[in-house]
Amino acid sequence: MSKESRMRATVNQKLTEMGERERLKELLRAKLTECGWKDQMKAHCKEVIKDKGLEHVTVEDLLVEITPKGRALVPDSVKKELLHRIRAFLAQHAT
Amino acid sequence: MPHLLKPNQSFLSCSNQVPRFHDAFGTSNMQRLLYFCRSWFLVWTCSRSVASCCCCSGGLLSTPGMLDMSSRASWIFAFSLASSWWTSWLSLSMLKNTAAKSCICHMCGAHLNRLHSCLHCVFFGCFTKKHIHEHAKNKRHNLAIDLLYGGIYCFVCQDYIYDKDMEQIAKEEQRKSWKLQGIGEKYTTWEPTKRELELLRHNPKRRKITTNCTIGLRGLINLGNTCFMNCIVQALTHTPLLRDFFLSDRHKCEMQSNSCLVCEMSQLFQEFYSGHRSPHIPFRLLHLVWTHARHLAGYEQQDAHEFLIAALDVLHRHCKGDTIRDDNGKKANNPNHCNCIIDQIFTGGLQSDVTCQVCHGVSTTIDPFWDISLDLPGSSTPFWPLSPGGDGSTVNGESHLSGSTTLTDCLRRFTRPEHLGSSAKIKCGGCHSYQESTKQLTMKKLPIVACFHLKRFEHSAKLRRKITTYVSFPLELDMTPFMASSKESRMNGQYQQTVDVLNNDNKYSLFAVVNHQGTLESGHYTSFIRQHKDQWFKCDDAIITKASIKDVLDSEGYLLFYHKQFLEYE
């Protein structure tokens, strides 16, 4: 395991233990709904289903199609805000 | 490297790969027993459910077509479900520890790669890294459950499969876990009941709301100086929460006579959203208003603000059928604790703090309000001179043409501490004598719809006139500086340097403006209504025309209606 993934695991563990991860998830959900990202994704899913046909499409198909677009469409302001929150949390709970 | 849990023998002897749960729960046998009992309860509920994977017979039993959950499988299902969600029942702190330490992949120890639990044995594996796939292939255990959303995956079908009962259980557990985490109720999409499906089938006509549609816009005939009433009706029919209440038929009338104003409002909403484009003639509404608010009867021009308050009052009184009942089915007797739709939407709490100048004791009262009446510069009451460029003057991004007053200025004046003077001494509870004091108003609780009334009509002993001073008002308003809580934090020395971007509770959007043209003796009311975001219409009795945002913001403004931007469940 690389140093980076070890650090990521530690940070994640800390966030989960203090319940902060769930709170951040909720915040992210709210922000993404607000800025219309969720609706964009929904529309894209519908397109994929239309292309592949309702009977044959699997959850994996959808995931493979929408994940890159989903990651790209997250607004910078949302990323900034989440990053700010995580930094603030880590600063507060530094061991 | 995160600690990899070693398999250990526990009180569950049906598998040989068991994470060390008793470490997380403590070694109390009582706790273990409790956990054991809860799991059996879930087994009982699960064994009554049937997962049908119709496309493959790769289930636990090879019954072609249907998938049955044997009691052993139910037990495993219950165990894994319990381990991820029900462990929180024992204690909230354990939830955090358990989630972090016990729910991890048996192959790599990660817990964030779409962790799945095998439904045949106790095994946790990543989905992303295909660890659960490997396990499924090796052991021929073809069903697994996604620990985050409760979806069930079939490795033969290579897709998630859906079972009504399982989804029901997952939904219930999710709701419980939100509650325990303090998130409370969350929005879930609407799913129709059987009755609703029936109604929809019998009534196939549908109206689609697009971004440019004009549904809900309708002119109102002037019945003789009734423009004051028409404007308020336009504002009310475009109040989103009120519209939703009436269009979903939530009023249950308990009045015997035909004179219920709420029923009439309901009718009015039906008329407005019927799609008819001809102007509506509100004669029944006018008649009911005259019946219930005598002071407004007659064909002279009335004050729109007075009409608003009178209308809200009558609606509030007639809403008795919709008030909540307590556990014994008795209605709440206290008129101040009404929970009717009018109170839910329009009632706020105004805090009045009277501070004794001698002992600095504060006496606080909170009064309900439906609107905020703001004094304007140019009236006989002196307006507190405010210098533009002072702190927070750009709070709401209003256009600050030199010398022009803004809504924020008026609000600041409204919430400033006021010396009551030696002629108005208040009896102080601390000093037990009459002392000079200061009084300050702040918002304790903000209503969902905030109505600001600019006091343009002056009826003092000396003169009756209309104040036409231009007051600029914003499209978006942040009420945070005027809250009682902000005042407290200012007094405690916590100056708000930056506006808290994460607190959305106090943000409002303009959705209706009522304007008065002319003089006190003869004038005419019109209104601007927001149909969609950035789409405004001018309502002049029977004539509805498209308006620009500039038209709206440049208008004089008499009554300003703002709606909370973010609504939360209680």
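Leu200(B) counts as partly exposed because its relative accessibility is 33%; buried means under 20% relative accessible area, exposed over 50%, and partly exposed in between, with a 1.4 Å probe and protein chains only. This is a predicted model, in which local features need pLDDT of at least 70, side-chain atom pairs count only at pLDDT 80 or more, and totals for chains, interfaces and linings use all residues. Residues are numbered from 1 along each chain as its sequence is written, chains are lettered from A in the order in which they are written, and side-chain values use heavy atoms, without hydrogens and water.

Leu200(B) belongs to helix 7 of chain B, residues 194-202. Helices (H or I, at least four residues) and strands (E, at least two) are DSSP runs numbered from the N terminus. On the surface, Leu200(B) forms a nonpolar patch with Trp190(B) and Leu197(B), and together they have about 300 Å² of accessible area. Such areas come from the Shrake-Rupley method with a 1.4 Å probe; for residues, only the protein chains shown count as cover. Patch residues have over 30% relative accessible area and no salt bridge, and nonpolar side chains (Val, Leu, Ile, Met, Phe, Trp, Tyr) are joined within 5 Å, like charges within 9 Å. A salt bridge is a side-chain nitrogen of Lys or Arg within 4 Å of a carboxyl oxygen of Asp or Glu.

Chain B as a whole has 16 helices and 23 strands. Of its 570 residues, 46% count as buried.

Lys50(A) lies in helix 3, residues 37-52, and counts as exposed because its relative accessibility is 72%.
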